[in-house]
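Subject: Structure handover

Hi there,

Here is the structure I promised to pass on. Could you take a look at it, and then read my notes below?

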Amino acid sequence: MAILTVLWEKWIEFKHEWFKITVTAMISPILYLITFGIGMGMDKMVDGHPYLEFLIPGIIALTTMNASFNAIGMSLNVQRLYERSFDNVLASPTPLGQYIIGQMIGGSLRGLYAGCLILGISFLFGAAIHVNVIFFVVMLINGMAFSALGVMAAIISKTHADISRFSTFVILPMTFIGNTFFSLTGLPVILKMLVQLLPLTYASSLLRQLSYGEGVDWLSLAVLVAYTVVFMLIALLRINRSKNL
Amino acid sequence: MLEIINLGKTFQNKKVLDNINFKVEKGEFFGLLGSNGAGKTTIIRLISTLLLPSKGKIRLDGQEISRNSVELKQKITTVTQEYTLRGDMTVTEIMEYQGRLYKIPKDQRRKATKELLTFCGLMTHRKKRVRELSGGMKRKLMLCRALLPKPELVLLDEPTVGLDPFSRRQMWDLISGLNRQGMTFILTTHYMEEAQLLCNRIALIDEGCLLEIAPPLEMIKRLGVIAVDVATAAGIKREFFQNKELAIAYAANLNDPFTLRETNLEDVFIKRLGRGID
């Protein structure tokens, strides 16, 4: 099954670079935790919870997003435009749908790994957050959504710089305004509507509710799954129809 | 086995291939020759579905090839002109990945990997990452990778570029041996000696158009089997003759130094593509 082949490839990638991958996944989130959690908001309360407890699910959401997107988007971009090794995959009898699903699962596992690292560090910071199985499932689905976005971005990109631009214009803004560092309660209506268009908003919201010990917001989960499916379909369509990949 | 029907390809309103038609039979060694930018690589990339045609069809065993033709693509492998290897993988991992992509059973892919790497002298480098290999080694690895699934059709786009003469001949032995066992090859190359030695038939391509398809010897015979190179003050002048006697008679009247030799495919290439020096 081609999905297993892609997962094997992602495992080899991880096996060779695990130290760099681990360190890279931790740097930004730790800086966010120190800057926003400890430096600026240790004594603040948001929505009736200490700011650190509000912040950590957002940081986990953005960490899974970044790790998954980079694991797939950046890697596939290099394979396609620089190493050209994607040519060999494209010429092989690998069903392209399975290839994309494999990338999504591989990317989401990398996201889960990075998210778990931050979760562990958060406990060291003394955060009192509830974690259950659904919490990890949400991390995985969030990872799948952004891995699919990574495939889409890598396939659409025409140069190496394009994927960096995509990251700057799409991923970076989402990192800061995707319901991660501040509450949406007091936002102006237009900004709130804009934020609600972002998939990360739903991942942050879901993880936050779960970490507070509240139930699952099925609507948010459905929106996140819908984004995943849409990104996957766009990537599949593009990979199938593009005359000059 | 392979049928190219009215194939055309346009890049940003520029026609790079126009109305290409040819058939390659099973077990044939078919060459595509042409100058740089003639469209040879585009044909290879279209057959391997890396590009999709702007018009026309490509059929393998009577069925049209598309990106999702899983069963048809199982029969084809490609050695591309550029290195298309993952730099972070080791030699063994590259072969393992290929075996998995082509669904080759574990025992079979390990056995074939060992045989191919040993033949190409890469066995001692099997634990090295691709980025640590020399250009020649990468080229050999790409050929090993293409042969691993024992495909019915192998597309070779300048497969021996960067190889030393010994390794090149080693590759020729390997692929001509496989061709004798029934494997079909399509080759693009700028080494005329390679094309003449390996190919049963050759297609001459110029500026995206097919000029001629014939066996290399037939092309040579048509031009004249004996060549006389005359070193004139204006440069080398070349004449072709149907037999040695005619060539000798011509040479007897020459005042300039000359060389009498057998015509080769390079002469045909230069003459047919209009880039002769005379």
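Ser35(B) is buried, since its relative accessible area is 15% (buried means under 20% relative accessible area, exposed over 50%, and partly exposed in between, with a 1.4 Å probe and protein chains only). You will find Ser35(B) in the loop between E3 and helix H1 (40-47) of chain B; helices (H or I, at least four residues) and strands (E, at least two) are DSSP runs, numbered from the N terminus. From Ser35(B) to Lys57(B) there are 22 residues in sequence and 24 Å in space, C-alpha to C-alpha.

Some housekeeping before the rest: this is a predicted model, where local features need pLDDT of at least 70 and side-chain atom pairs count only at pLDDT 80 or more, while totals for chains, interfaces and linings use all residues. Residues are numbered from 1 along each chain as its sequence is written, chains are lettered from A and ligands numbered from 1 in the order in which they are written, and side-chain values use heavy atoms, with hydrogens and water left out.

Now to the sheet in chain B. Six strands make up an open, mixed sheet in the order E6-E7-E8-E3-E9-E10, where two strands pair if DSSP finds at least two bridges between them. At its edges are E6 and strand E10 (209-214) of chain B, each pairing on one side only. On average, neighbouring strands of this sheet are turned by 15° against each other, direction ignored; axes are lines fitted to C-alpha atoms, for helices over the stretch in contact, and angles run from 0 to 180 degrees between N-to-C directions. Strands E7 (residues 153-157) and E8 (residues 184-188) of chain B are parallel and share five bridges, and Leu155(B) has Ile186(B) as its bridge partner in E8(B). Helix H10 (residues 265-272) of chain B lies across strand E3 (29-33), strand E9 (201-206) and E10 of chain B, at about 30° to E9(B).

Not counting residues up to four places away in sequence, Thr78(B) touches Ala91(A), Ile44(B), Ser48(B), Ala146(B) and Leu155(B), contact being heavy atoms within 4.5 Å.

The largest nonpolar core has 118 residues, of which Phe86(A), Phe146(A), Leu141(B) and Leu156(B) touch the most other members. Such a core is a set of buried Ala, Val, Leu, Ile, Met, Phe, Trp, Tyr and Cys residues joined through side-chain atoms within 4.5 Å. A second, separate core of 26 residues includes Met1(B), Leu2(B), Leu7(B) and Ile43(B).

As for records, UniProt (unreviewed entry) lists "transmembrane region" for stretches of chain A including residues 135-157 and 218-239; its positions are given in the numbering used here, feature names are shortened, and annotations may be inferred rather than shown by experiment. In the model, residues 135-157 of chain A are 96% helix and 0% strand, with end C-alpha atoms 33 Å apart. Residues 218-239 of chain A are 100% helix and 0% strand, with end C-alpha atoms 31 Å apart.

Asp47(A) has a positive phi, near 50°, and is partly exposed at 48% relative accessibility. Asn13(B) also has a positive phi, near 65°, and counts as exposed at 81% relative accessibility.

Best wishes
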